[in-house]
Amino acid sequence: MAQRLHGQSDLTDGKRSKGGRGGGDGADDQLDGGSDADSVASMSTALSDLQLAQATEHVSSQEFVLDKYIDDLYEKRGSTREKALGALVDAFESFVLLGLVENKYVTLLSQFTNSIKKGSTKEACLACRAIGLLSITLGAGSSSHEIMDESEPQLLRILQTWPDAPKMISALDCLAVITFVGATDLAETQLSMRAIWDVIHPKSGSNVGIIRKPKPPLLAAAVSAWAFLLTTVGSSRRSTDSWKESITFLTSLLETEDRVVRIAAGETLALCFELKLLDVSTREESDVDSDIRETSGSKNQLFLNMQALKAKISGLVYNLSMEAGGRGADKKNLNDQRDLFQQISYFIKSDEFPEESLRISGKNGILGVTSWRESIQLNYLRRFLGRGFLKHAQDNDLLHDIFDIKIDRVENMSTTKKKMFRSEEEKGRALKLNKERRLAQERKQNILNEQYG
């Protein structure tokens, strides 16, 4: 996930924050390392072409640029498809292209999934990212649900066959995003969460016969993706007992050697506390009592187990918040860990989340974060969108709905666009007045015709 926020931050000064915590950075780093000059030049060309088209307000020009790269997705040469995918990903990050892709998403999706099936690792990773960005661009609705339905089989196949780590991480990110945006019921979300959990804890999954152990970058990515989807699952949906295995395993990850895994697990456990997944309700105690009435003393066993688990988590969290660095320690990651676990420790004790905010635009464009649920959603989407986060936070209705962002679209425009907007407003008012005058003259003429006709 992206680096956590403190107090109020400002994203409108042109500075871009680099991805920090959580899982998808491994794939990004390896993809960046494998980029060639042609791919970079292709993405730069696509961006400049789209900027030119947008600046001149020619939608047909933008559409022509996109169509050119869509056509390249049909080429047999893999390097040509990779360049086209890189250019489209760059375009999706840089602009909210809703109006241009609403009628093209089926074609785009078909070619993206084809790249996942037949392309190289780099091509498949770019295609996964493109699918996630396409879903975010379209927003919640039938189109994104169709994207989820059509993409999910290919993504699940990747997670079940365990190819190289970058491809796995890209598939995890894509599955999490398209499920978050496109799922319409709990069952669809749970299907994706189960697939992700099979990566986190393979022994409990369906890959019988071969026990695989994910390396830290993949494990952290999977935990972060699982937590992202957990934010959409209400605590009342399942009993405490059904969460016990997951929470117990996440607790064990707090004791792993890799700091990025500990951080991802810590945020997820904080969310579990917030959703009351470790609390045993009176109803559940009664259910347990009725089911195992014949066993003396078992009535409160679940309650005692969860209380012990809470105490263990609390102790581990405190220790991690006070961890000493030692020689050769990565001070930045260590400070991130201390800061995060201090916040978690405080939350466990007080049930209070330290509110945070981001200024997205102007005076009133504030994105407020008041819970672990919102924090995890923000950090995941911020990392996935990368440098495109600010643009989407300003112009994408999906993010406005998720985070209740109120944007003054006129205030957010550039000086040139403001002039154009005001010019259009003035033009509209003039046309309206002219129409009213013309109608008034016609009515007057009709009256005169009736009188003297």
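Reply: Helices (H or I, at least four residues) and strands (E, at least two) are DSSP runs, numbered from the N terminus. This is a predicted model, in which local features need pLDDT of at least 70, side-chain atom pairs count only at pLDDT 80 or more, and totals for chains, interfaces and linings use all residues. Residues are numbered from 1 along each chain as its sequence is written, and side-chain values use heavy atoms, with hydrogens and water left out.

Me: Which residue just after H7 takes a positive phi?

Reply: Helix H7 covers residues 121–138. Just after H7, a phi of about 80° is taken by Gly139.

Me: How many of the 18 residues of H7 are buried?

Reply: Buried means under 20% relative accessible area, with exposed over 50% and partly exposed in between (1.4 Å probe, protein chains only). H7 is mostly covered, and its buried residues number 17 of 18.

Me: Is Glu82 buried or exposed?

Reply: Glu82 is found in helix H4, residues 78–94. Its relative accessibility is 14%, so Glu82 counts as buried.

Me: How are H9 and H11 oriented to each other?

Reply: H9 (residues 165–182) and H11 (residues 216–230) pack with their axes 9 Å apart, at an angle of about 5°. Axes are lines fitted to C-alpha atoms, for helices over the stretch in contact, and angles run from 0 to 180 degrees between N-to-C directions. Angles under 35 degrees count as roughly parallel, over 145 as roughly antiparallel, 65 to 115 as roughly perpendicular and the rest as oblique. H9 and H11 are therefore roughly parallel.

How values were computed. The expected span of a helix is 1.5 Å times one less than its number of residues.
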